[in-house]
Amino acid sequence: MVQVSSEYISVGCNRTAHAACWGVDGLVAFGADKLIALYSPLDTLSKGVQETLPGHTGRVICLNFIERGNEDDLKDVALISGSADFTAKIWKMNQHGKWINSATLKEHTGAVETIACLRAHSIESDHDMFATGSSDGTIRIWERRVVNDDTDEVVCKQVINNGNKYPMSLALSYLPESKVPILVSGHTDKLISVYICKENEFVKVHTLQGHDNWVRDLAFATYTGSENAHANNLFQKGDLMLASGSQDKYIRLWKISLYNPVKKEEDDEKESENVDSDLMDALKQSELSDEQLSTKAHVVSVDVGQRRILKKENSQKQYSFMFEALLMGHDDWVFSIQWQRPQLTTAADGTRQFTQPLKLISASSDKSMMIWSPDEHTGVWVNEVRMGDIGGSAYLGFCGAFFSPDGKYVASHGANGSFHVWKNISEASDENRWVPQVAISGHFKSVESIAWDPHSRYLLSASLDQTTRLFAPWNRELNGKQVTTWHEMGRPQVHGYDIKCVAFSNEWQFVSGADEKVLRVFDAPKSCVESLALLTSENSLLDHVESRPIGANLPALGLSNKAVFEGDVNEMEQAQDNHNMYQSYTSAPSTPTALMDVMSHPPFEEHLIQHTLWPEVEKLSRRLTLSILFSYGHLYEIMSVDVSSDGKYVASTCKASTPEHAVVRLFDTEKWKEAKNGINAHTLTATRVRFSHNGRWLLSVSRDRLWSISERNESDPDTPYKLVAKNKAHARIIWDCSWSHDDRFFITGSRDKTVKIWSHTPDNKNWTCVATIKCTEAVTAVDFAPALVDDKYVVALGLENGHIQLLSSVDNEANEWTQWHNVDERLCHFGVVRSLTWRNFNQDNTLQLASAGEDHSVRILNVKY
């Protein structure tokens, strides 16, 4: 019986401020295109993404966990996701440990931009309240009740219309010393609206002014008091603290506290007896004059519903809203803020108490993440820790940041889809020694092509995010056991064009094609080879490593990675001293020490961006001869590339609408020159080219619904491959093709929802179709397994809807085929499967299949038979 399991999933986080959240149970959920990915940063094995949840049909924009419980017994009971498909979905884990979609909310008419779940020290109820904000200009209040293990009932209790100023951020909590919900929302009009629940309906009671740009995030926390609090600290025990982050680069802290005018009069004789009315009058006057009296308190009266319980007390309570502090330190938009979670601490007398730390974390597009707290000597809020990238090429900085449940770790996700994790290794709670930890990364746009190196030791991917990425296993011993996990080990090419295809010419050299119409050839540097040898525990990789350059640099405004040799190190060290003077506004080049480092663990994102490039050794582009009659190279965007098994020839194709441009071009790798005669077999774009394993045949398929086969011609170097056969094989475009391991058969997959198996005719002069297999969807990727399985051929099919199917022949003649296994939807892609390739690896009756898709993910599956 065939069993398929996930070995590795690589996918980047969406580029939105609320696209990730860290639950109290230690699980991080983040949006990955239209999927929800689940990841545990504190996993001791560093396995990365555990699974992905399909369901949304648009990009996932925001996520948040629903919590229930009391103080240190809080638990995550469900997950809410909001998407560009105008829906929000509730997810929960059933009794079988499987995440399911228990409810879908379809009332919004615009993208769901933000979600607020109740945050308090105690949330004990049989139902859950949460709010969603949408680009349709509304905030909706929802109530969730559990129906059974698989279903939830969610009812919309209220709709708050904000007109054309749609909400960017929401936060939900209880008023101090009550169970009355309070909701705050930040809008595109720079204001923060405050709503309080009165008679089961939220009513707007106040507007907090001060920010000069959109309010991107809001966060509540309840102050519990502190033995070390400074005298200047204006927060009192029980106060509700609100933090707001904005595109104006600033963070503002607000205090919501229980207001007692009688106590105030006793404490301060100079205060007016009519302080309540004075504050109200001041507020009204400021509103009329359009002033921002942010240091004035605003008082509201709320019925907390306690009359029946406390008969001697009035159920009316008054609360004051006041601006507390302005946090300045970021140089660009503040996208995200979050309070550290309250912790159980031991007091001086030995008692255990639930304490809210005065620590706030923020993430900004200035490429930094900051932790803020009051200074112990002055009480002024300062940034005590700054983490991130100083200069460099971190794209657009950080989108979101959050504390771990115990506060000892922080994580953030960047604009390039990667996660950053830091750990505080100091033993004292008031000290800060943060060190980076191994995290996850992945493509943040469609992955177009993947390829194993000739010995199947590592995997290379190419994406529309303009990078190629190298994935390899990390083999090590952990607690006396041998552990293997996959990680991104390098980023050989960071380009200025969308990369469409890759192929290996030898074990340490690959060719890539992009929209720039040029093929580029890259060779592995010494640091990469030595690092892979150490991490994969394969010392055989170190053969002939000394002759390689130590690394590569990408010059400012350049597209070509320049090799750096050991002789260049001294010059680079001297240039480094003058770098700030001459290149103060450009990204810092790779330092010599960083280029020469041999990694003992998978690299961090900062290292991946700059220090894992491969030197470019050749560029295969269009050239004009002295005679205007002849031109070489492609005129349009590259579509496909492949290299013969002996590494002697490179074949490539480009987009074409005429036969002139649909030529399959051939390059000789000895001199990196284009052969005079290409293969003129198609009239439209050739979508895929594949050499046979023995190098004798070259197969190409095309938009014109034809396949063509050319045979190796050793006698004429100007025509290395000569066209010998072609056939109009399908009714629609042919997307992909593949050779069997023994080159007896090849397969073609088409948009007409069929795959066809082709074999030599008995006279070996032509090729004929021996089997036609119908599929439920268009076939976009195919690949033959690298060996017979139980004396049968096995083929993997990738479909347009993201599903992957495994087929096997009835016998070794391949005339009849049957479904070998239908891969579980949770293990497949959500969107077009762009590329499939089997690893030449068979251990303990287990094969490995790598896949790439439009959903930004690269996956490796274990196929056990």
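Tutor: Let's begin with a word we will need: buried means under 20% relative accessible area. By that cut-off, Phe745 is buried, and so is Tyr793. Keep in mind that this is a predicted model.

Student: How much of the protein chain is buried?

Tutor: Buried residues make up 57% of its 865 residues. The chain holds seven helices and 64 strands.

Student: How do you know that the rings of Trp339 and Trp381 are a pair, and why is the pair called edge-to-face?

Tutor: The structure holds 29 aromatic pairs. For Trp339 and Trp381, the ring centres are 6.0 Å apart, and rings pair if their centres lie within 6.5 Å. Their planes stand at 80°, and planes over 60 degrees apart count as edge-to-face, so this pair is edge-to-face.

Student: What does the pair tie together?

Tutor: Trp339 lies in strand β24 and Trp381 in strand β29, so the pair ties together parts that are 42 residues apart in sequence.

Student: What about the rings of Phe745 and Tyr793?

Tutor: Their centres are 5.2 Å apart with 80° between the planes, and the pair is edge-to-face. Phe745 sits in strand β55, whereas Tyr793 is in the loop between β58 and β59, 48 residues away.

Student: Which residues touch the most other members of the largest nonpolar core?

Tutor: Among them are Tyr458, Phe510 and Trp614, in a core of 25 residues. Helix α3 gives the largest share, five residues. Tyr458, Phe510 and Trp614 also belong to one aromatic cluster, together with Phe504, Trp508 and Phe522.

Student: Which residues are in contact with Phe510, leaving aside its neighbours within four places in sequence?

Tutor: They include Leu460, Val502, Phe522 and Trp614.

Student: What makes β10 an edge strand?

Tutor: Look at the open sheet with the order β10-β12-β13-β14 and antiparallel pairing. Both β10 and β14 pair on one side only, which is what the edge strands do here.

Student: How do you know that β10 and β12 pair?

Tutor: Five bridges join β10 to β12, and two strands pair if there are at least two bridges between them, so these two strands pair.

Technical notes:
Residues numbered from 1 in each chain as written. Predicted model: local features only at pLDDT ≥ 70, side-chain atom pairs only at ≥ 80, totals over all residues. Heavy atoms only, no water. Helix = DSSP H or I, 4+ residues; strand = E, 2+ residues; numbered from the N terminus. Buried < 20%, exposed > 50% of the residue type's maximum accessible area, 1.4 Å probe, protein only. Core = buried A, V, L, I, M, F, W, Y, C linked by side-chain atoms within 4.5 Å. Contact = heavy atoms within 4.5 Å. Phe/Tyr/Trp six-rings, centres within 6.5 Å; stacked < 30°, edge-to-face > 60°.
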